[in-house]
Amino acid sequence: MKKWLMILLMIPVLVCTACGAQEAGAPVVTDAPTQAPTEAPTEVPAQPGQEIIDKLMAAFSPELVEKAKAAGFSVTTDIDAYTYQPYEGFKESERQCHDDVTLISVCIRSATGTTKYGENTVDVDTMKALQCAVIDSGIFDLPAEVADEYKNMYYTPETRYYTESRPANNGIYVELHTNETPFGYEAICYVRHLQRHDVYSTLITYAHRQTTDVTYIWDELRPY
């Protein structure tokens, strides 16, 4: 009787041992890792006037930019674009621009306080190099002889003031203007389009609608 009782008690132990051995030898199955879908790179949309700014900045060597910034120079570029969209009833004339127009103004300024009377500290060579780079960038499409003329008209403490305007290859007048701001603050140099054409008396009419109005400092879009 005792023998059968012991056999009955041993059966559950043997069954549990066999189950444990089977579980220990069985391979562990886990869910395969899910790989996140690869997202296509997002293209950064070009800023208004970006092509003009890229062309301008390419004309400056990295060494010139570094030197000019260290000396406190700024280069500010205003870009204004207009499309010709005559309203109903608008009376057109032959001496009137019927084209879309983009006007550019680049202003070079020395650091504040550099033109004090008797204490002028403007780095004339760096300012001239910036001016020549703007002209050589091609954004104003100047004839070669006008470009050469403009590169030889630059700010110095003795000359200080220049202003000339000549038509570019597309007929739009481009002005070179150098001067000092009042009270000895800064030397300035503008290379800029005028609203004047060698065929038309004026470029912008009531039929033009402004589509772009942006300002960059160096190559950074200035926030509104």
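Q: What should be kept in mind about the model and the numbering?

A: The model is predicted, so local features need pLDDT of at least 70 and side-chain atom pairs count only at pLDDT 80 or more, while totals for chains, interfaces and linings use all residues. Residues are numbered from 1 along each chain as its sequence is written, and side-chain values use heavy atoms, with hydrogens and water left out.

Q: How many aromatic pairs are there by the ring rule?

A: Rings of Phe, Tyr and Trp (its six-membered ring) pair if their centres lie within 6.5 Å, and planes under 30 degrees apart count as stacked, over 60 as edge-to-face and the rest as tilted. The count here is 3 aromatic pairs. One of them joins phenylalanine 60 and tryptophan 218, whose ring centres are 6.0 Å apart with planes at 70°, so the pair is edge-to-face.

Q: Are phenylalanine 60 and tryptophan 218 buried or exposed?

A: Buried means under 20% relative accessible area, exposed over 50%, and partly exposed in between (1.4 Å probe, protein chains only). Phenylalanine 60 is buried at 5%, and tryptophan 218 is buried at 7%.

Q: How do tyrosine 87 and phenylalanine 90 pair?

A: Their aromatic pair is edge-to-face, with 5.2 Å from centre to centre and 70° between the planes; tyrosine 87 is partly exposed at 42% relative accessible area, whereas phenylalanine 90 is buried at 17%.

Q: Which arginine lies over the face of tyrosine 190, and which over that of tyrosine 173?

A: A charge sits over a ring if NZ of Lys or CZ of Arg is within 6 Å of the ring centre and within 35 degrees of the ring normal. Arginine 192 lies over tyrosine 190, at 4.2 Å from the ring centre, and arginine 196 lies over tyrosine 173, at 4.0 Å from the ring centre.
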